[in-house]
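Please look through the model below before reading my notes.

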Amino acid sequence: MKAKITVNREKVQGEVSPLLFGHFMEHAFGNIYGGVYDPGHPLSDEDGFRTDVLELLKEVKVPILRYPGGNFVSNYHWEDGVGPKAERKRMVNTNWGGVTEDNSFGTHEFMELCRQIGC
């Protein structure tokens, strides 16, 4: 037996929460460093955020953003991402072959990112 779905856009049953369509930020593949956060890049603002990426995230209208996302979350401790960057705890991310994470994009930067893109 095959399933059949009929969509009648004239018969609204209810609303879907926009929070259902949230996103997460993953450290893998340059999504954070070299992506949304890239201090010293010509397009970065004074906080190190890429202004071109911020504008695109604003355009998408991300309703809710989870950080960290993906595999990085298994070793992340939010306390390591607060305070002066030079004093933040460094960690070795064993999930990606021993890459050293300096936590220069941490909890504080994530909250600022959310503020700037309105999520």
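1. Basis. This is a predicted model, in which local features need pLDDT of at least 70 and side-chain atom pairs count only at pLDDT 80 or more, while totals for chains, interfaces and linings use all residues. Residues are numbered from 1 along each chain as its sequence is written, and side-chain values use heavy atoms, with hydrogens and water left out.

2. The helix pair. Two packed helices are described by the angle between their axes and the distance between the axes. Helices here are DSSP runs of H or I with at least four residues, strands are runs of E with at least two, and both are numbered from the N terminus. Helix α1 covers residues 51-60 and helix α2 covers residues 107-117; their axes come within 9 Å and cross at roughly 60°. The axes are lines fitted to C-alpha atoms, for helices over the stretch in contact, and the angles run from 0 to 180 degrees between N-to-C directions. α1 and α2 are therefore oblique to each other. (Angles under 35 degrees count as roughly parallel, over 145 as roughly antiparallel, 65 to 115 as roughly perpendicular, and the rest as oblique.)

3. What makes the contact? From α1 come Leu-54, Leu-57 and Lys-58, and from α2 come Leu-113, Gln-116 and Ile-117. Contact means heavy atoms within 4.5 Å. Sorted by class, the residues are four nonpolar, one polar and one charged. (Ala, Val, Leu, Ile, Met, Phe, Trp, Tyr, Cys and Pro count as nonpolar, Asp, Glu, Lys and Arg as charged, and the others, Gly among them, as polar.)

4. Cover of α2. How many of the eleven residues of α2 are buried? Eight are, so this helix is mostly covered. Buried means under 20% relative accessible area, exposed means over 50%, and partly exposed lies in between, with a 1.4 Å probe and protein chains only. The buried residues include Phe-110, Leu-113, Cys-114 and Ile-117, and also Glu-109 and Glu-112. The buried residues of α2 pack against α1 and β2. After the helix comes Gly-118, with a positive phi near 75°.

5. Arg-88. This residue sits in the loop between β2 (65-66) and β3 (91-93). Is Arg-88 buried or exposed? With a relative accessibility of 7%, Arg-88 counts as buried. A polar atom of its side chain lies 2.7 Å from the backbone oxygen of Asn-103, and the side chain also reaches the backbone oxygen of Ser-104 at 3.4 Å. Such a polar contact is a pair of N or O atoms within 3.5 Å; within protein, one must be able to donate a hydrogen and the other to accept it, and residues adjacent in sequence count only if both atoms are side-chain atoms. Not counting residues up to four places away in sequence, Arg-88 touches several others, among them Asp-80, Asp-102, Phe-105 and Glu-109.

6. Ile-32 is in the loop between β1 (23-24) and α1, and at 0% relative accessibility Ile-32 counts as buried. Val-62 belongs to the loop between α1 and β2 and is buried, at 4% relative accessible area.

7. Backbone points to check. Most residues other than glycine have a negative phi, and most peptide bonds are trans. Lys-61 has a positive phi near 60°; Lys-61 lies in the loop between α1 and β2 and is exposed, at 66% relative accessible area. Asn-103 also has a positive phi, near 60°, but Asn-103 is buried, at 1% relative accessibility. Asn-103 is placed in the loop between β4 (99-101) and α2. A cis peptide bond joins Tyr-67 and Pro-68, with omega about -10°, and Pro-68 is in the loop between β2 and β3.
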